[in-house]
Amino acid sequence: MKNANWIKSAIFYQIYPVSFFDGNGDGIGDLKGITAKVGYLKDLGIDAVWLNPVYKSPFKDAGYDVSDYLAIDKRFGTMEDLKNLIEVFHENGIKVVLDMVFGHTSNKHKWFIKSTSKKRNKYSDYYIWSDSNFDEYNGKLIKGLYYRDGGYLMNYYASQPALNYGFHAPDKPWQLKYDDARLDPLREELLNIMRFYLDMGVDGFRFDLAGHMVKGEVWDDVSENGNTGNAWFWNKIFGTLRKEYKNKVYIAEWVCPKNSIAKCGFDFDFLTHDTPAYNELVRNEKNTNLVPELELGDNYFSENGKGTMKNFADYVDDLYKAIDGKGYISSPSGSHDEIRIGTFKSDDLLKTIFAFLLTYKNIAFIYYGDEIGIRHNFNVSRDGGSIRTGTRTPMQWTNGKNRGFSQHRGTYLPTNKDKNCSVESQLKDENSILNTVKKLIKIRKKYPCLNAECNQRFLETGYPAVYERSDGKTTIRVYLNPSNKPVERKCEVNEILLTQNAEINGNTLLLKAQSFAIIKLNA
Ligand code: GLC
Ligand code: CA
């Protein structure tokens with residue numbers, strides 16, 4: 001296994017820097033603020049954080065439009081602040097992962113501005129420009145804004161011109177093959193940016209849109225010829241990085257482990273809103289345009305008891321056949337792009353979901369605020385976020401002013417009003433979401449059989465869902481009953497590790513509404 005040894009049992013935590021903690025009182029979260037909260041993170045029990053982009057940016061897409069990779073945006077502080085954050089986190093045993101947005105830059109990046117020039121220069125090929133304003137490419141060429149004849153290919157928003165990693169099969173003179181040597185300088189540029197941060201002590205990266213680098217390839221094409229360009233690109237990058245640096249983690253935002261891990265060499269990949277089998281389990285955002293195909297309540301994790309875990313169990317089994325020994329999958333509780341997982345769900349249901357996410361075979365990944373059950377705010381949009389902004393609101397530390405997030409008059413993004421949803425309230429309640437998550441984290445760390453490498457076997461996929469995790473020495477069995485219908489099962493219990501709404505009498509396990517039980521079996 002090439003993956004650094006610490007990864008398989010690590011619990012990650014995603015921080016959206018705008019909204020974690022405001023360290024200088026201007027209403028916007030920043031690096032000093034994140035550093036100040038290291039005690040909370042240590043107490044929670046996490047091992048690594050991933051920070052969304054903190055680089056200089058015009059924030060047309062929340063920092064996913066970088067205008068200088070080697071500068072920290074002033075809203076977050078300075079490079080010194082980042083260095084200090086890394087130092088303090090390391091002293092507390094927490095690793096730091098940054099976001100690398102290499103699919104595109106902001107149109108304000110100096111590379112792009114130079115590449116708009118009619119006169120050929122070093123940057124002319126850094127972006128994908130057609131030869132003439134009459135060219136077309138899937139409606140994604142932005143034309144008429146610059147003196148250079150031809151359009152540039154955009155990635156996500158028009159202000160995010162795609163960087164040039166070539167094409168799978170070029171069929172126009174302006175399209176270069178992915179292994180063309182003219183693209184070497186840009187690739188070297190990326191390596192140098194990463195070296196800069198790795199030398200500073202950063203523990204790895206999450207790569208934005210990792211499956212969209214080489215054009216003319218379809219991100220979920222797992223056929224033999226699919227993604228050969230992307231595979232060539234990433235293997236080249238990792239071939240260099242893994243030689244120069246040890247013990248780092250490289251995470252894909254690809255949502256297709258058969259490509260990202262098996263073909264491209266990432267350590268792990270996310271299953272998020274592009275994974276139907278995962279959506280079927282936990283997402284229920286009917287009519288929110290992110291996941292329109294599901295009826296509210298048809299998910300596995302809902303009170304109705306109408307769903308099934310079978311598709312997911314089969315999906316994951318099949319995935320592990322392709323990636324075992326090469327890397328891992330991760331089902332994060334949420335992200336800055338998704339509707340808050342607690343939305344439309346009771347606290348007990350949410351705790352049952354956490355019991356699942358922290359015991360099934362994956363890299364555990366918590367999105368800030370999900371551990372206290374922050375719900376989505378559907379009435380905000382900022383920094384190009386649209387509906388996604390509602391999942392990016394400030395962390396709720398207290399029930400007081402600005403939820404303890406900032407001393408400023410107002411906050412950059414509005415705080416939510418729901419009173420008991422705060423760290424302050426939940427620390428006092430033994431059965432709160434926060435304390436349940438903390439207990440689950442402790443269990444996961446105590447028992448290596450729960451890490452992302454050890455064996456997993458599903459015994460039932462209805463209500464309850466039942467699966468076992470084992471390392472040959474210890475076997476832990478997990479029962480989940482998100483439905484409102486009580487069910488009973490027989491079970492040889494050695495030790496009860498944690499339950500919610502469940503009773504055990506002798507060999508009989510009663511799983512009441514919205515319950516779970518995590519049990520150590522007799523050896
Ligand atoms: C990724 C990010 C998202 C961003 C997009 C374009 O999907 O997670 O927030 O808008 O890439 O960079
Ligand atoms: Ca601030």
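Predicted model: local features only at pLDDT ≥ 70, side-chain atom pairs only at ≥ 80, totals over all residues.

Student: How far is Cysteine 449 from the nearest cysteine sulfur, then?

Tutor: The nearest one belongs to cysteine 454 and sits 6.5 Å away. A disulfide needs the two sulfur atoms within 2.5 Å, so cysteine 449 is in no disulfide.

Student: And what about cysteine 491?

Tutor: Cysteine 491 is in no disulfide either, and the nearest cysteine sulfur, that of cysteine 449, is 14 Å away.

Student: Is cysteine 491 buried or exposed?

Tutor: Buried, because its relative accessible area is 3% and the cut-off is under 20%.

Student: New topic. Which residues are the protein donors of the calcium ion (ligand 2)?

Tutor: Asp22 (OD), Asn24 (OD1), Asp26 (OD), Ile28 (O) and Asp30 (OD), lying 2.2 to 2.4 Å from the ion. Along the sequence, those donor residues follow the spacing D-x1-N-x1-D-x1-I-x1-D.

Student: Is aspartate 30 buried or exposed?

Tutor: Aspartate 30 counts as buried, at 4% relative accessibility. Aspartate 22 counts as buried too, at 5%.

Student: OK, helix H3. What span should its 13 residues have?

Tutor: Residues 79-91 should span 18 Å at 1.5 Å a residue, and the end C-alpha atoms are 18 Å apart, so the two agree.

Student: Which residues of H3 are buried?

Tutor: Met79, Asp81, Leu82, Leu85, Ile86, Val88 and Phe89. They pack against several elements, including helix H1 (31-36), strand S4 (68-72) and helix H5 (184-200).

Student: What comes just after H3?

Tutor: Glycine 93, which takes a positive phi of about 75°.

Terms used: Residues numbered from 1 in each chain as written. Chains lettered and ligands numbered in written order. Heavy atoms only, no water. Donors = N, O, S within 2.8 Å, 3.2 Å for Na, K, Ca; no water. Buried < 20%, exposed > 50% of the residue type's maximum accessible area, 1.4 Å probe, protein only. Helix = DSSP H or I, 4+ residues; strand = E, 2+ residues; numbered from the N terminus. Expected span 1.5 Å × (residues − 1). Contact = heavy atoms within 4.5 Å.
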